[in-house]
Amino acid sequence: MRTFGKSWFRQGSLIADYGEHFGHGVRQQKQAIALEASKVDAELASKAKSEFIANMSHELRTPLNAIIGFSDMLATKTVTNPEKVVQYSQYIQQAAEHLLALINGILDVSKIQAGKLSVDLEPVALANVLDQCLFITDAKAKEKNIAVESHTSERVPLILADPLRLKQILINLLSNAVKFTPEWGRVRVDASVKTADFLTISVTDTGPGMSAPEIETAMSPFGQVESGFSKRHEGTGLGLPIAFALARLHGGDLQIHSTKGVGTRVSILIPLATSLNRPQPASNPLSTHQ
Ligand SMILES: Nc1ncnc2c1ncn2[C@@H]1O[C@H](COP(=O)(O)OP(=O)(O)O)[C@@H](O)[C@H]1O
Ligand SMILES: [Mg+2]
């Protein structure tokens with residue numbers, strides 16, 4: 001019986017020499033391509049990093065300039081009208097709060113990018129975490145007459161999550177839904193097992209919706225979609241990319257379905273506590289070293 005293994009190419013034969021030469025050429029070409037790819041990767045990583053730092057500096061400078069400008073006017077008594085004094089003090093407070101939110105967000109992003117953010121997974125009952133989140137967003141929803149409904153049943157299975165990080169994700173999704181939905185709109189939360197081993201938690205709103213390129217903007221660090229409802233000072237643009245990275249660190253995912261003029265549904269998939277395939281933290285979506 002003839003075999004077509006390696007031994008069939010006798011060493012020294014023309015075909016073997018050609019094979020050896022050809023193989024060497026292919027190997028060299030592969031190495032060259034790999035080298036080129038890693039160079040491109042490194043360039044992209046450093047470009048992403050410089051872009052992030054440039055954006056970050058700009059974002060930090062804006063509220064800092066407001067704080068310096070308004071406090072300067074108060075300190076030099078350029079403004080004496082008591083109403084203006086109160087108004088300018090409020091501007092300073094808002095800018096300082098925005099700065100704090102930015103710094104917290106930037107710290108999270110840089111920890112995620114460096115692969116230093118870990119999640120402490122434990123069996124969690126969604127209802128407990130969700131109630132706390134709904135309580136936090138309730139005041140803002142009432143202010144805008146937005147009905148927030150939770151359609152999650154008590155029988156939702158336990159999930160494997162880091163309660164604090166899960167709360168951070170849900171607060172961002174709920175506050176986005178309430179923030180971008182106009183008055184008298186509706187927001188609903190659903191939870192069900194749609195995919196084996198995962199609980200899908202969705203926040204759906206009747207807000208302005210986003211097109212595909214707008215979703216891409218929303219998912220990038222500092223990305224905010226221009227719309228009549230989202231004023232520049234109302235957020236950092238870091239919430240969604242952080243929520244996405246956190247969902248991936250749980251071994252899950254974040255998906256956005258949105259239609260302009262109809263509304264948005266943001267869903268996160270979190271592994272069930274009973275999941276047989278224990279989640280491996282997925283690749284780091286904010287990493288600049290992929
Ligand atoms: N439910 C939503 N409906 C419409 N637009 C949204 C919604 N959620 C997020 N967006 C858009 O995505 C952008 C990024 O969201 P996010 O990262 O949470 O940042 P932030 O809330 O701080 O602006 C928002 O500024 C907004 O333009
Ligand atoms: Mg947000």
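**Shell of ligand 1.** I looked up which element gives the largest share of the shell around ligand 1. H4 does, with four residues. I take helices (H or I, at least four residues) and strands (E, at least two) as DSSP runs, numbered from the N terminus. This is a predicted model: local features need pLDDT of at least 70, side-chain atom pairs count only at pLDDT 80 or more, and totals for chains, interfaces and linings use all residues. Residues are numbered from 1 along each chain as its sequence is written, while chains are lettered from A and ligands numbered from 1 in the order in which they are written.

I then listed the residues around ligand 1 and found 20, of which Ala 218, Val 225, Gly 235, Gly 239 and Leu 240 come nearest. Near means a C-beta atom, placed from the backbone, within 6 Å of the molecule or strand. Helix H4 (163-180) and helix H6 (239-249) are the elements that give two or more residues to this shell. By class I get eight nonpolar, 11 polar and one charged. Ala, Val, Leu, Ile, Met, Phe, Trp, Tyr, Cys and Pro count as nonpolar, Asp, Glu, Lys and Arg as charged, and the others, Gly among them, as polar.

**Sheet.** I traced an open sheet of five strands, ordered S2-S4-S5-S7-S6, with mixed pairing. Pairing needs at least two DSSP bridges between two strands. Strand S2 (147-151) and strand S6 (253-259) are the edges; each has a single partner strand, so one side of each lacks a neighbour in the sheet. The twist averages 15° from one strand to the next. Axes are lines fitted to C-alpha atoms, for helices over the stretch in contact, and angles run from 0 to 180 degrees between N-to-C directions.

S2 and strand S4 (residues 186-192) run parallel, joined by five bridges. Ser 150 stands opposite Val 189 in S4. Helix H3 (residues 126-143) packs on the sheet and touches S2, S4 and strand S5 (198-205), its direction making about 170° with that of S2. Contact means C-beta atoms, placed from the backbone, within 7 Å. H4 also packs on the sheet, touching S4, S5 and strand S7 (263-271), and its direction makes about 25° with that of S5.

**H3 with H4.** Which angle do the axes of H3 and H4 cross at? I read roughly 30°, and the axes come within 9 Å. That makes the two helices H3 and H4 roughly parallel, a term for angles under 35 degrees. Val 129, Leu 130 and Gln 132 of H3 are among the contact residues, as are Pro 163, Leu 166 and Lys 167 of H4. The contact has 12 nonpolar, three polar and two charged residues.

**H4 with H6.** H4 and H6 pack at about 145°, axes 9 Å apart. Arg 165, Gln 168, Ile 169, Asn 172, Leu 173 and Asn 176 in H4 meet Gly 239, Leu 240, Ala 243, Leu 246 and Ala 247 in H6. I count six nonpolar, four polar and one charged in this contact.

Notes: Two residues are in contact if their C-beta atoms, placed from the backbone, lie within 7 Å. Angles under 35 degrees count as roughly parallel, over 145 as roughly antiparallel, 65 to 115 as roughly perpendicular and the rest as oblique.
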